[in-house]
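Hi everyone, thanks for coming.

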Amino acid sequence: MRELTVARSELILGGQKSGKTARAESLAAAWLAASASHEAVYIATAQAWDEEMRARIDRHRRDRAERVPRMRTVEEPLALAQAIGQNSRPGTLVVVDCLTLWLTALLMPAVPVQGRAPEPASLARAVAACAGPLVLISNEIGLGVVPMGRDARHFVDALGTLNQQAAAACERVTLMSAGLPLTLKESA
């Protein structure tokens, strides 16, 4: 198995339970182990709109604290570019989990957003401006059939576009399947 290395920026794509978050946590653990001065921040974009989601978020918090105890968590469902900027430092790895839930909150908010919603294009600028390493996680949902509903088709199209923009902005792109990483892009 290849040694785990942290890229300046990495987009991790995959389906649900494909191993995306486990890879990001492994990268964070490797980063933290490389130097006592290194820090890691996990930016969570999920929102708990029902009891099942609250329980899922609580379980993820507990599991993350056990697996990567030195990683600090910041919860930010909407102002993602700002959260990346506020937490980015040369010695700090930032993990964003996940772009899919962030885009969902922008396009289909459970509660109407006051003012103008952030634009997904702001993400590419945040990746470029990030002072330390950045790991983005997103779902790959465009491999199945075309959804029947207009709103679902719009979301799949928007996520596909967002993933393409993030992939273009990142130095490395990894596709996860069954817990196995496949490198799609690696900048030298």
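I'll start with the overall fold and then turn to a few spots in the backbone.

First, some ground rules. This is a predicted model, where local features need pLDDT of at least 70 and side-chain atom pairs count only at pLDDT 80 or more, while totals for chains, interfaces and linings use all residues. Residues are numbered from 1 along each chain as its sequence is written, and side-chain values use heavy atoms, with hydrogens and water left out.

So, what is the protein built from? There are six helices and seven strands; these are DSSP runs numbered from the N terminus, with helices being H or I of at least four residues and strands E of at least two.

Now the overall shape. The radius of gyration is 16 Å, which agrees with the value near 16 Å for a compact globule of 188 residues; that is taken over C-alpha atoms, and the globule rule is 2.2 Å times the number of residues to the power 0.38. The C-alpha trace spans about 50 × 30 × 30 Å along its principal axes.

How much of the protein is buried? Of the 188 residues, 40% count as buried, where buried means under 20% relative accessible area, exposed over 50%, and partly exposed in between, using a 1.4 Å probe and protein chains only. If you take contacts between residues at least 6 apart in sequence, 74% of them join residues at least 24 apart; a contact means heavy atoms within 4.5 Å.

As for the surface, the protein exposes about 10,200 Å², and carbon and sulfur atoms supply 56% of that. Those areas come from the Shrake-Rupley method with a 1.4 Å probe; for residues, only the protein chains shown count as cover.

On to the backbone. Most residues other than glycine have a negative phi, and most peptide bonds are trans. Where is the cis peptide bond? It joins Asp 97 and Cys 98, with omega about 5 degrees, and Cys 98 is in the loop between β4 (92-97) and α4 (99-107).

Two non-glycine residues with positive phi are worth a look as well. Lys 17 has a phi of about 60 degrees and lies in the loop between β1 (9-14) and α1 (20-34). Lys 17 is exposed, at 68% relative accessible area. Ala 178 has a phi of about 55 degrees and lies in the loop between β6 (172-177) and β7 (180-186). Ala 178 counts as exposed too, at 71% relative accessibility.
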